[in-house]
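Please read it alongside the sequence and the 3D view.

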Amino acid sequence: EKGGWDSFMDKEIHEDPAAVQRTLLGRLNKAGDLNLDEVHIDEHDFKAVDKIIVIACGTASYAGMVAKYAIEHWVRIPVEVELAHEFRYRDPILTPRTLVVAISQSGETMDTLMALRHAREQGSKVLAICNTQGASIPRESDAVLYTHAGPEVAVASTKAFVAQITAAYLLGLYLAQVKGAMFRDEIHQVLDSLKHMPAKIQWVIDTQSSAIQAAAKRMVDAKSFLFLGRHVGYPVALEGALKLKEIAYTFTEGFAAGELKHGPIALVDEGEPVVFIVPPERGRNVLHAKVISGIEEVRARGAFVIAVAEEGDPDVERYADVVFWRPKCPTLMSPLVDVVPLQLFAMDMANLKGYDVDKPRNLAKSVTVE
Ligand code: M6R
C-alpha cells in the first residue's frame, strides 16, 4: 500500500499537491463561481451567518487558525478558533446565526464530536470539514464539506492539513460570494491563486528536499527547537513544532514571533535552533520587516536560524543559517507551501533517529476517547 515509499508519511507528504488540487475539484461552476450546493445549507442560512466558531484539535485546529486570518479578511465577520475540548466546557455563546465549523481528518475525534453535539444542542448549525466519508462527525453535522486528500494513514497529519486549509478557504470565499462581501473579480483572483498552489507545493518538494535532509542531518542531535511566525505564519509555526515533537520526540515550542520579547527570548542561547516562517511580499507586507528583526534579535544571542522564506529574499540570505525556499505567492496562500518543508524536516529527523515515523509512541491515528 505504501507503493515505493519508505513510509506512509513520506507518501502522504508527496500527496500534498494532489490533496489541494482534489479539494478544489468540482466546486466551481462554468462561470468560475463557487458552487457549494453539495453541503445542503441553503443560501439564506449562509447569508444570515454573523460569526464562525471553528472547533478542532491538533493539526486540524491549526488549519482553522490559518482560515481565521483569511475569512475575517474576506468576509468581515468574526471567526473564533477553539480547541474542541476547551470549547465544550466553557459555556460558549452560540446563536442560530453562529456557524460552527468542525474540522477533522478522521471524523472520529471524540473531543470534536462532543463539542459539535453541544453546539447543535444550543441551536447553532454545524458544518464539518472532514476527510472521511460517512464518519461520525460528518454524520452528526448539519452539513459537510469534504476534503479530498485521500486516506491518511500515518499518525502525523500532513496532506489533510493542506486540504483542510483549502476547504476552509472555499467556505470563506463562498460566504463572501453569498454575502456580497467581495467583488466577483476579487473572488476569482483568489481562486486563481489557489489553483496555482499545487504546482508551487510540488516545486518545494522537487527542489528543497535535499537541503531539508541536509539540515536534518546537521541538527539531529539538537535537544530543542523554537518555531516562530506571525499572522498565518503563526499557526504554521505551531504545526511545524507539533510535527517535530510528535514523531522525532524533540522538545519544541511554537509561538507568535511578536511574543519573543515578552518572555521566550530568555530561552535563546548559543546554538539554539530557531525556525522562522518569514512572510512573503517583502516591502508590501509590514510583518516581513518585523519577522526579520526577530531573526536579528535571536542571532545576536547566538541562535542557529532556520528560515522558511520567499525565493531570493535578500534579508533572509543575509541572516539565516539554513533556508527552505518557497516560490512567490500571496501571503494568505503561503501556509499551503510553508508547512511542506516542516513536514519533510520532521520526517527526516525521525528517520535519522531511527523512529517509526508512521506510528509514533503513545499516539493513535484518531483519538476516540475524550
Ligand atoms: O482526525 P482529526 O483531524 O480530528 O485529528 C485531530 C488531531 O488528533 C490530529 O490532527 C493530531 O494532532 C495529529 N496526530 C497531528 O499530526
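Helices (H or I, at least four residues) and strands (E, at least two) are DSSP runs, numbered from the N terminus. By that count the chain has 13 helices and ten strands.

**Model and conventions**

This is a predicted model: local features need pLDDT of at least 70, side-chain atom pairs count only at pLDDT 80 or more, and totals for chains, interfaces and linings use all residues. Residues are numbered from 1 along each chain as its sequence is written, and side-chain values use heavy atoms, with hydrogens and water left out. The mean pLDDT (the predictor's confidence in each residue, from 0 to 100) of the chain is 96. 100% of the residues reach 70 or more. The ipTM is 0.99 and the pTM is 0.97.

**Overall dimensions**

The C-alpha trace spans about 55 × 45 × 40 Å along its principal axes. The radius of gyration is taken over C-alpha atoms, and the globule rule is 2.2 Å times the number of residues to the power 0.38. For 370 residues a compact globule would come near 21 Å; the chain has 20 Å, which agrees.

**Two sheets**

Two strands pair if DSSP finds at least two bridges between them. Strand E4 (residues 125-130) joins E5 through four parallel bridges. Cys130 stands opposite Tyr146 in E5.

Another open sheet of five strands runs E7-E6-E8-E9-E10, also with parallel pairing. Strand E7 (251-256) and strand E10 (322-326) each have a single partner strand, so one side of each lacks a neighbour in the sheet. Strand E8 (residues 273-277) and strand E9 (residues 304-310) run parallel, joined by five bridges. Here Phe276 faces Ala307 in E9.

**Ligand site**

How many residues surround the ligand? There are 14 (a heavy atom within 4 Å counts), and the closest are Ser104, Gln105, Ser106, Thr109 and Glu246. The table lists polar contacts, pairs of N or O atoms within 3.5 Å.

| Residue | Protein atom | Ligand atom | Distance |
|---|---|---|---|
| Ser104 | polar side-chain atom | oxygen | 2.6 Å |
| Ser157 | polar backbone atom | oxygen | 2.8 Å |
| Glu246 | polar side-chain atom | nitrogen | 2.4 Å |

On its own the ligand has 410 Å² of accessible area (Shrake-Rupley method, 1.4 Å probe), and the protein covers 90% of that area.

Terms used. Polar contact = N/O pair within 3.5 Å; in protein donor to acceptor, adjacent residues only side chain to side chain.
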